[in-house]
Amino acid sequence: MTAQSPAPRRRETAQQVVLDHVRQLISTGALKPDDRIRQEQLAEELSTSVVPVREALKILEAEGMVQYVPHRGYSVTRLSLAELTETYLVRRLLEDEVVRLGAPKLTAGDFAALEQAMEVMEQAGAAGDLGTMIEANKSFHFLIFAAAQMPLMANYIRMLWQSTDAYRAFYYAEGAARDRVHAEHRRIVDALRAGDIEGAISELHQHREHAVKALSARLGGQ
């Protein structure tokens with residue numbers, strides 16, 4: 001029994017490597033909606049077997065990031081306009097409550113981390129580094145959510161975010177959108193610093209609505 005224990009740990013590690021890699025490919029737009037994910041090629045690129053690749057893809061399927069079609073395999077999930085709109089609606093309901101709970105608990109250290117995330121976003125945006133910008137954007141929002149100390153709600157929100165990751169790169173690809181996001185983040189932080197929780201929530205509403213409007217233009221033909 002003892003001799004067999006290292007094997008599961010190695011598989012879990014390989015599985016996490018695959019998860020992180022595919023999530024990054026999707027969130028940065030390297031893999032786009034409907035793009036096929038070839039398990040053998042992915043396993044070769046990551047120097048692993050197809051077993052952890054298959055396990056990772058099943059997790060991503062449960063999260064809504066990929067979908068499995070018989071005789072075709074896995075591909076990046078394509079959302080309809082209705083699905084995208086519903087996802088952002090559920091996000092609004094959950095995020096509003098998390099912000100109300102967490103905003104009063106934000107510390108000086110939290111605000112310093114938010115400022116750092118915004119700085120990273122601005123530098124990455126100016127350099128056209130969408131991958132770094134997207135990760136910094138996620139860090140920015142989840143720093144606020146974490147203050148609520150409601151990990152179950154934060155996990156639900158994270159899954160909703162992941163289900164639309166493939167579309168976030170589309171939005172950030174436009175320079176005007178990146179500039180808008182920077183300005184919106186600044187207003188959100190200013191409202192939180194001032195203790196204006198409802199004002200911050202209102203800014204977050206506009207922040208999401210701008211993203212939905214831009215993405216709806218891409219999905220409107222579906």
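This is a short tour of the structure, stop by stop, with something to select at each one.

Before you start, know that the model is predicted, so local features need pLDDT of at least 70, side-chain atom pairs count only at pLDDT 80 or more, and totals for chains, interfaces and linings use all residues. Residues are numbered from 1 along each chain as its sequence is written, and side-chain values use heavy atoms, with hydrogens and water left out.

**Stop 1: the two domains**

Colour residues 14-76 as domain 1 and 81-220 as domain 2; these bounds come from an automatic or database domain assignment. Their centres, taken over C-alpha atoms, are 25 Å apart. Where they meet, 12 residues of domain 1 are in contact with 11 residues of domain 2 (contact means heavy atoms within 4.5 Å).

**Stop 2: Leu-25**

Now select Leu-25, which sits in helix α1 (residues 6-27). Helices (H or I, at least four residues) and strands (E, at least two) are DSSP runs, numbered from the N terminus. Leu-25 has a relative accessible area of 21%, so it is partly exposed; buried means under 20%, exposed over 50%, and partly exposed in between, with a 1.4 Å probe and protein chains only. Leaving out residues up to four places away in sequence, Leu-25 touches Ala-30 and Leu-31.

**Stop 3: two loop residues with positive phi**

Most residues other than glycine have a negative phi. Go to Ser-47, in the loop between α2 (39-45) and α3 (50-63), and you'll find a phi near 55°. Ser-47 counts as exposed because its relative accessibility is 71%. Next try His-71, in the loop between β2 (66-69) and β3 (73-76). Phi of His-71 is near 70°, again a positive value in a residue other than glycine, and at 89% relative accessibility His-71 counts as exposed.

**Stop 4: helix α4**

Select residues 81-102, the 22 residues of helix α4. How far apart are its end C-alpha atoms? They are 31 Å apart, which agrees with the 32 Å that the helix should span at 1.5 Å a residue (the expected span is 1.5 Å times one less than the number of residues). Buried residues in α4 include Leu-84, Tyr-88, Arg-91 and Val-99.

**Stop 5: the cavity**

Rolling a probe the size of a water molecule over the atoms shows where empty space is left. On a 1 Å grid over the protein atoms alone, a cavity is a set of points where a 1.4 Å probe fits but cannot get out, while a pocket is an open set with protein on both sides within 12 Å along at least five of seven lines; lining residues have an atom within 4 Å of a point. Grid points are joined across faces, edges and corners, and a volume is the space filled by probe spheres set on the points.

The structure holds 1 cavity of 30 Å³ or more, and the largest cavity has a volume of about 140 Å³. Of its 13 lining residues, select Tyr-88, Arg-168, Tyr-172, His-207 and Ala-211, the closest to its centre. Which helix gives the most to the lining of the largest cavity? That is α10, with 4 residues.

**Stop 6: the largest pocket**

Finish with Thr-85, Tyr-88, Leu-89, Arg-92, His-205, Arg-208, Glu-209 and Val-212, which line the largest pocket. About 150 Å³ of space lies in the largest pocket, and α4 and α10 each supply at least two residues of its lining.
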